[in-house]
Amino acid sequence: MGINSCLCLFDVLEKYFAAETIILAFQNYILMLGTSVMIPTMLVPAMGGSDGDKARVIQTLLFVAGINTLLQALFGTRLPAVVGGSFSYIIPIAYIINDSSLQRIPDSHDRFIQTMRAIQGALIVSSSIQIILGYSQLWGLFSRFFSPLGMAPVVGLVGLGLFQHGFPAVVRKLRGDRSSNATAGDWIVPSKFKHNAALYYNWPLIYLITELLCALQYLKHVRPLRDVPVFERFPIIICISIVWIYAVILTAAGAYRHTPTRTKISCRTDRANLISTAPWFKFPYPLQWGPPTFAAGHCFAMMSAVFVSMVESTAAYKAASRLAIATPPPAYVLSRGIGWQGIGVLLDGLFGTCSGSTVSVENVGLLGLTRVGSRRVVQISAGFMIFFSIL
């Protein structure tokens, strides 16, 4: 588990300055926060939940993600990998949300509670697959036959399957209408929507993010601080700060003043209602939404997502170990990691996070971007998740 200064700045155990460690951990937390907010933002309104319900689900998802990350770093694979909500579970959860027996419930809040209980039951049952395959060492035997040619299509098809639904929805939100005429191609041709001020102002924002990420790769040797390569270590914090300032300026300047409500919610910095509806102190606890309900169809649908998340996590473990210049994880380590991930999905079901857990591929990419492969950074970032989920 040696260190290679050309590839990775820190190995998984090395100690370094406390201030830099905390900032790096906060950067991992910020990256995980994006997924933790996006998943409930998409699913909770469809379940009939209010802004307050959405804030509670985000808090619960962050809290359980912090616990799962600590369990994985201390007892699982012991790699610098962050565990959090997964988009692989969106399709089976959408199937549960659209169940006719749940859609017939007239009261929206009651429908949200019953749908959450159904999702909890499906997650609890499906977690048994990961626990059994992990702790029986069977997954380690299967993983020997995995290769990038086998894992990449499985993970890629999950994203491509959502492409036709995701990008047109983004375009419709920016346009502020509910029409189904927008296609994925509309995202690529901004000139078609220049008459819409909201979309017109947001295109510089999209280009700004892309250019910043590219520019920071070439500025990694520039050191405003003598001993700290700021642009290399903290690209996410820099990009988010600049983009957020740009969004605040557009909001204050009234760029979205005459746009529909849906566009204001998506683009303004003061319309999310997450901070205003979240309680000052809330400690998530198991079965906070009530006892889970179990249905065979829901459980089998969730099991399909579990297999995808297992393949995704296996690839992420191998990538994290390679980027951290650690020993490639042997079969029994991968099995142990999958077993603890199954316990994490069980916790998701008990607490009610509205999603299952998997290794965050985004944070593995951040590991390669910053060249910081440290378990301590990941553990402190898990502390940030737990702390901010309670307050």
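Predicted model: local features only at pLDDT ≥ 70, side-chain atom pairs only at ≥ 80, totals over all residues.
1. Helix 1 covers residues 18-47, and helix 3 covers residues 90-97. Their axes come within 10 Å and cross at roughly 10°. Angles under 35 degrees count as roughly parallel, so helix 1 is roughly parallel to helix 3.

2. Which residues make the contact between helix 1 and helix 3? Helix 1 brings Met42, Leu43, Ala46 and Met47. Helix 3 brings Ile90, Ile93 and Ile97. By class, the contact has seven nonpolar residues, no polar ones and no charged ones.

3. Now the span of helix 1. It has 30 residues, which at 1.5 Å a residue should span 44 Å. The end C-alpha atoms of helix 1 are 43 Å apart, so the two values agree. Just after helix 1 comes Gly48, with a positive phi of about 100°.

4. Helix 13 (residues 296-323) can be checked in a similar way. Its 28 residues should span 40 Å at 1.5 Å a residue. The end C-alpha atoms of helix 13 are 40 Å apart, which agrees. Just after helix 13, Ile325 takes a positive phi of about 55°.

5. How many cavities of 30 Å³ or more does a search of the whole structure find? The search finds one. The largest cavity has a volume of about 100 Å³.

6. Look next at the lining of the largest cavity. Leu24, Gln27 and Asn28 are among the lining residues, and so is Pro80. The lining also includes Asn363, Leu366, Leu367 and Thr370. Val372, Ser374, Val377 and Val378 belong to it as well.

7. Which helices supply at least two residues each of that lining? They are helix 1, helix 15 (361-370) and helix 16 (375-390). Helix 15 gives the most, with four residues. By class, the lining of the largest cavity has seven nonpolar, five polar and no charged residues.

Technical notes
Residues numbered from 1 in each chain as written. Heavy atoms only, no water. Axes fitted to C-alpha atoms, helices over the stretch in contact; angles between N-to-C directions. Parallel < 35°, antiparallel > 145°, perpendicular 65-115°, else oblique. Contact = heavy atoms within 4.5 Å. Nonpolar A, V, L, I, M, F, W, Y, C, P; charged D, E, K, R; others polar. Expected span 1.5 Å × (residues − 1). 1 Å grid on protein atoms, 1.4 Å probe; cavity = no way out; pocket = protein on both sides within 12 Å on 5 of 7 lines; lining within 4 Å. Points joined across faces, edges and corners; volume = space filled by probe spheres on them.
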